[in-house]
Every structure is written in C-alpha cells, then in structure tokens.
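This report is written for a reader who is meeting the structure for the first time.

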Amino acid sequence: MSKLLVSTSVNGDPQQFLCDPDTTLLDALREEMGLTGSKEGCGSGDCGACTVMLDGRMVCSCLVLAPEVEGRQVTTIEGVAEGSRLHPIQRKFLEHGALQCGFCTPGFIVAAKALLDRNPDPSESEVRYWLAGNLCRCTGYDKIVRAVLDAAAELRQDRRAVA
Amino acid sequence: MNAPAEKKLFRLVGTRPIRPDGIEKVTGKAIYGPDFVAPNMLQGAILRSPHPHARIRGIDTSKAEVLPGVKAIVTGADFPELDSAMVAGGEAPANIKYMARKCMATDKVVFDGHPVAAVAATSATIAEAAIQLIEVDYEVLPHVIDIEDALRPDAPILHDDLFTQGLPELPTTPSNAAMRVEVRRGDAARALSEAAAVFSGRFTLRPVHQGYIEPHACVASWHADGQAQIWCSTQGHFTVRALTAGILGMEIADIRVVPLEIGGGFGGKTTVYLEPVAVLLSRKAGRPVRLAMKRDDVFRATGPAPGAVIDIRLGAGADGTISGAEVEFKYTGGGFPGAHEVYAGLHCTMSYYNVPDAHIVGWNVLSNIPTVHAYRAPGAPQVNFAVESAMDELARRLGIDPIDIRLRNIARPGDTGGMGMPHGAIGYAETLEAAKAHPHYSAPLGPNQARGVACGSWGNYGGPSTAAVSVAEDGSILVTEGNPDIGGSRASMAIMAAETLGIAYEKVRVVVADTSSIGYSMGTGGSRTTFATGKAVIQAAEAVIAILRERAAKQWNVAAGEVQWGGGEAVHGDRRLSLGQIAAASGTTGGPISAQAAIDPHDYLPGFGVHICDTEVDRETGQVSIVRYTALQDVGRAIHADYVEGQIQGGAVQGIGWALNEAYVYNQAGLLDNPGFLDYRMPVASDMPMIDAVMIEVPNPAHPYGVKGVGETPIVPPLAAVANAVSGAIGIRMCDLPITPDRVYGLLLAAE
Ligand code: FES
Ligand code: FES
C-alpha cells in the first residue's frame, strides 16, 4: 500500500503528512503529528474522546479518514488555548473540578466550545443533549455541565463588555 | 455544592483550589497510557481466542515469522513454568500462576478474547497482519456462562485441578465453584421463625464493566543486562512491578515502572494484562514495544465486576427491628480462581446494621467469561442491592418510613458490627438524619414518579504508603509520592502538606514518582490514598518542620526546643525566620532539608452513604428516567471538597448505570455480544439530572485532618435506591438488574 501525502491546516498552521489511505484522522493526529491531546476511547464514534473541529464542524476524528482533511482546517484541543492563555471553558473546567482522570476532558472541551460558538446561552438540558456524545465515566457529568454553563455566562459578559 | 460546616478549623483543608496537574489536562498535554512513545519503538498486537472454551492443540507461527517487519512473536510457551504462589500486589494477594495464564493462555483458553499469542512489528498494520497469519489448532470444548449453569453436575468444568475451597472437607471431584465463604452468628433460622414480617426473594445481576474511557496500554523496554522499564497507565505501578516480576521470574528491583497519567480505573487497573507480554516481546526483539488494547479487547478480556444470584430472607419485629437474616450469594468469578469479591461481599452484607442472628454464605463460581476484577467497592453493591431491597419491602409491609426503619437498626459508635469489632467514630445515624431532613426527601412527586432510598457502606482501607517532602533552596516544597493521581489526589496531598507546614497551597508541588524513585506504596484503590498516603505526607511534613526548627535554632544560637513553628515560620520570642530564609541558609546550617515517611496505617474507618432517588416510569415504553438524585455520605472530612463531591457524583452515576442499563450479554456461542460503548450503554449527560452530593463530616480521629476515604461507598447504594423507586412507581418488586425498558414493559404487561 503506498502512502498518500496530505496537505492540511491544523490549529492554524500548515501541515503535511504521509498516511495510508485507511488511516483515521485520529491516528494521523496522534501518531504522525504527535498531537496526543485527542484521545481514543472507542474508535467507533461512541465516546467523543477524539472530538475535533473540521472546517468549524464538530466531528469524531476516529470516524474521519485522514486523506479527507486535504485542504481543510482542523482544530484540536491543542488549538483551544491562545498560547498560554486558557480559553474560558478550560478555566471553568479547572475552577469547577470538572475533571477527575481527565481522559475525556479534551473531547468535552472541544465539544463545549462548538456548542458555545453557535449557542451562547444554552439551557442545562441543551448542554446535556449537546454533550450526550461524550462519555465521562468519572464525574457523573454534574460539574462538567456546571462548568460549561458558567463558561457560557462569562463569555456572554465578555461579549457585552466588547459591544 | 455544600461547604463543610467546620471550614474555619483549617486554612486549606476543605477548600477548592485548582489541581496542580490541571492545566496539562485541559490543554491536552498530559501523557496517558496510550500516548507514550519510546524511541525506536515497535508496535505490538495480540491474537485472542475466538472461542469461550477450547484446548490448544498447537500454535503455528511460521507464516507470521517470515512476514517482513515482524520482530518478535510470543506464546504461552515463552512464559516460565510457574507453581501456584501468592504474590502481594493489587487489592489482595494474587495467585501468580493464574495471573500469568490470564495474560497468555497455555494449554487452554477459558474465555472469548483470551490472549493466545502476541507479535511485535515495525508498524501496527504489520503487527495486525501478522497475528492473522498465526494458526491455532483448537479443540473446541462445551462452554458455560451463567452461575446456575456452571454449578450443574453436568456442567463443563473449566479446571480439572480445581476443588472447591471452604467446604468442611476437601471434595474429590473438581468443580466450577472455586470457593465458599461463610459467617454465622446467633440462630438466624429461629429468629426468622419468630419475626413479625419476613421478606424472601431472589435477586440477580449481570456482570458489568468498570468502563474507564482509557483502554489499557503500555510500552516495555528490555535491556541486555536483564533489567526492564515499563511505562503504563495503572492504579498501582508497584503492583505492576511485583506481578510482572513474579510472572517472568525477575528480580523486583530489575523492573522500573513509570506511571503515566491514568484515564480512569475504578479498580480495573490494579492488575496486569499487557505488561509481562510486552516485556517478553521486547526481550525477543531488542527494542521497546507498545501494546495497546482496543475497546472491544477491554470489554472481552479485562475484568468485569461479578454478576450475581442472591437469595435473601430478612425478618423484622413489628417495630421494624431486624431480627434475623439468611443470605446466600453466588458471584461470577470468570475464567480463573482468585476473585476476592466474595470476601468483601461477606464483610459488607449488612455491616452497618445491628443483626445479631445472621447466616451469610458466599460462593465464587467460575465460568467462561474474563476473570472478574475489582470494580469500585468490589463485591459490595451486588449483595447490598438484595439487602436494601429487602429492607424496603419490610418497611412497606410494616408501614414504617424507609429512613426510620434504617435508623432503628443502624450501627452506632460502640455497637459491635458483623465482624465482632466495635464501631469507632462512624456517622451512619447522622447521615440518615441528614437524609431525612433534606428537602428532597419531602418534596412532592409528579405522576408516575416514585422515590427510593437505600444505604450502603464500604470498609475503606489504609495500608503501606511512602512519601517524601523536600524543601527547595528558595523554600518552595516538593512532595514525592507513589500513588497515581486518578481523580485529584495531587491536589489533596498539596493541601495536606501546605496545611501542615503553614504555607500557601501554591508553594507545594506534587510528583508521582516511579518505582525506582520512591519506596513502596500500595496502589490507588480501596479508598485508601487520601487516608494512608495523606498520612505519610503529613508525617514527612512534620519531620521537615522538626528539621526547620533545628536549623532556625542554629541560626539563632538557641536550643531547638525553644523554637516554635507556626504560620510557615520558625518563631522564637519576637524573632521570626520564614521557610524561605531557613532554606536559603541551609548550606551553612547542615545541608539539604528533606524527610520521608514510610508507614502502614490500619486505623481507617468505614464510609457510609444514603441515596435518595426519584424515578419516572413511562408506562407505554417501560423507560425509566432519573428525575432527581441526592447522595449523602459520611466522608470523615473532605480535603478538596470538589473532588470529594466528584467521587460521590461519579460513583452514584456508575451505580445508576448498573441499575438501569449496563450488562454483559453473551450469545449462544459464548461470545460477548456487546463489546462496545454503543451496545454496552453507560450513562450519558442527557440521561442524568444534577447529582446533589451532600458531605456529612464525622471526622476520623486517627487522621490528622479526619479523612475516612470516599471513593467506593457511593456506588453501593444506587442499585437499590433506583430499584426501590421503580418498584414503588409500578408496584412490582424489581429483583433483576438492569431495569431495562423491555423488562419493565414486560412486567407491566404481565401484571395487567
Ligand atoms: S474514539 Fe472517537 S468517538 Fe470514541
Ligand atoms: S474525567 Fe475521567 S472519564 Fe471524564
């Protein structure tokens, strides 16, 4: 099987990598680019630990073939903070103790950011349904939901301050 | 979120600072088991049995060996011959022979997914292709999955050399019943015959999985001098070291295990599956080897918690006082003996009630599923489901409030428990009183809704721990310990060290050291870490304070006994020397300042929880939803309140999943039918309400800050709390878990 050369953009930077035609985006990120922040919990689209943004849409990177990202924009957990400045969602996860083992956390943060980018004022049940594709076995979701709601409130305030 | 009532007692204990390892974990930088890469590393793959029970007549690896890129192949024949021997390791001693066979089959496979061979190759693709080329000649044997089937006289026997232990006489015919345990006190039969009300019933549960999101993974590197290094995600790297050394016949100090961050364990990562295999592959290949499981490997081949069949007879007087109990529980043991859940089941059965007349019998029954392994309060939730369901029935029949009947029977300090030991500073009654007073307990219910209540307990643990506290040249503090941080323990260690030293939380950094960098610590499990390792950290910090006082005395030229320590400073009259000043001068007062504590405390106290659950049943579909949930728990004292609440909430939701959805499903061929998260349905965010975690603080006097341990207790009550609510809602006793929609719908239909 000869390798394919894929040119894409990851977290705003141009990236080229070689992969087999059947390599998943998740494996390409983790094994080829060393971006191990995206996790594999299942490899079948059922846990959300591998969640990334592809051209602004939330996807399970274990269900995307790496060659499909040719010419497109990928954002991973490594691209959520601006340099050393945490995104408010990341800060709220820490302030609320919304992680225990932390293995699900990157996927939750990417998914929560996707929600708040499109819906700045979600209800508790909108947060719960949006995040229903992300499994967390440690927290029982309580503090995760609170962290996301709190981050949404802070982001709304920031927006008002700017406006 | 409930602030501890006596917060003022301490500066830091009970607060909620940011965890020291937090930033790495919210930015994706933390390195977990599957993330680690060693230079020149090979990728491994494991060939697993497609049969639940078969004899291995031969394994032909010749085709795989010649595949370009294959560097090593390992089968059971590469493992040293082992005699049965007990090795201290995980939560209980383990028989090393069975441990080895679980990692790699020799003459027989005993469950679907049992490893039979492993390959290391230059890429994962080649390794996967190579295992397909390995030919195994199986003689397929009849299999058995369920407990009752495994006990039938004509059942297929898993091990010809296994005779039931714990019978009055050693039997002469082999059996799948690996062990029988028993507690008898008073005269249960007589007490039951005199009771005003007796409930008898049979309860059943399927095996369930711990469900950690991170699959098992490790990298092993063998060196030509006979030493090896292992990087892995585990609850106990000293356990990995001991078991790997035992299985491979190596010296313990020749193996260095580096713990990576761990993505959940819940008891399931207190053993080895991959590590000895990876070491053998690396020895053959001469390069580091990664072995990593896929999700279906995790379900098929790592320890589920036991399923169970439980018969109970529980009697009470007219006032609700329990008079007697007869309980016989049978737990699935899986493919090999050694599961210790039956002991915990025995000790947990009604441990928190005063039951003078009781007869309790437990069985460990082998069958063709993976060897069961510890899952949060291992062995307690199953039998507790039966006990707390029976309590609910007795309350209903006698017309007594469910919390009142429990208060009438609850053990109080000084009462003698089931094991004949007087209870110490327990807060069982306080927790029940708090539940009764909680607004949830008296809140009105909607149509098709009902409320269930249940208690549960876990003994907690102490055990061996080592910790070191070192003062850096500028007075900042390094804590070195040996317990993987699975849910915020670095933060609690930092709080306890900073509280003891009288300094800011941010001045303390905590490192989880590898097995060659700190003395022995038992694994993170049994709800022991904040208690036992916390005690070690506090003792080491106290020893550092003693040194700091001596050094200050030297600087002042006074006797050490005259120097006090307070507020992070040495004090003598109106003179003060800060930690930083003493540290800066250490070069001229005696050199580096550090101390270590190696301890083995056993003055732990049990935890106790009361859960209140409101369910709503959709009578047209049988669907049960949780509409409100409150979990109250005697935590001793919370060190980091967020992570204590988090343990309570997470444990409660795992228990709810166990009650409503989760189950191992085997098909007719004995193969696991649901080895993925789609078909093994764990709770998701939209299934759950907020979980109100209420911390009741009845401190443990044997711990400087009152810690009891919190992790396991919260999974014990939910099974019955949910089942009691559903039973109340539809008027039919829920005796079988999980309470799936089809089951509820079927029962409703049959009742019509
Ligand atoms: S790894 Fe992609 S959804 Fe689980
Ligand atoms: S924090 Fe462990 S899985 Fe979510």
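What follows covers the model itself, then its cavities, then its aromatic rings.

## About the model

The model is predicted, so local features need pLDDT of at least 70 and side-chain atom pairs count only at pLDDT 80 or more, while totals for chains, interfaces and linings use all residues. Residues are numbered from 1 along each chain as its sequence is written, chains are lettered from A and ligands numbered from 1 in the order in which they are written, and side-chain values use heavy atoms, with hydrogens and water left out.

## The largest cavity

A cavity is a set of points, on a 1 Å grid over the protein atoms alone, where a 1.4 Å probe fits but cannot get out, and its lining residues have an atom within 4 Å of a point. Volume here is the space filled by probe spheres set on the points, which are joined across faces, edges and corners. Seven cavities of 30 Å³ or more are counted in this way.

The largest cavity has a volume of about 620 Å³, and of the 39 residues that line it, I486(B), T524(B), S527(B), Q647(B) and G711(B) are the closest to its centre. Two or more lining residues come from each of α15 (489–501), α16 (529–556) and α19 (641–660) of chain B, where helices are DSSP runs (H or I) of at least four residues, numbered from the N terminus. This cavity lies between domain 1 (6–30 + 462–599) and domain 2 (379–460 + 605–751) of chain B, because both give residues to its lining; the domain bounds come from an automatic or database assignment.

## The second largest cavity

The second largest cavity holds about 70 Å³ of space, and among the residues that line it are H216(B), K269(B), Y273(B) and E275(B). K102(B) lies over the face of Y273(B), at 4.5 Å from the ring centre, a contact that requires NZ of Lys or CZ of Arg within 6 Å of the ring centre and within 35 degrees of the ring normal.

## Aromatic rings

Rings of Phe, Tyr and Trp (its six-membered ring) pair if their centres lie within 6.5 Å, and planes under 30 degrees apart count as stacked, over 60 as edge-to-face and the rest as tilted. Over all chains there are 19 aromatic pairs. The rings of F108(A) and Y141(A) form a tilted pair, because their centres are 6.2 Å apart and their planes stand at 50°.

Terms used. On a 1 Å grid over the protein atoms alone, a cavity is a set of points where a 1.4 Å probe fits but cannot get out, and a pocket is an open set with protein on both sides within 12 Å along at least five of seven lines; lining residues have an atom within 4 Å of a point.
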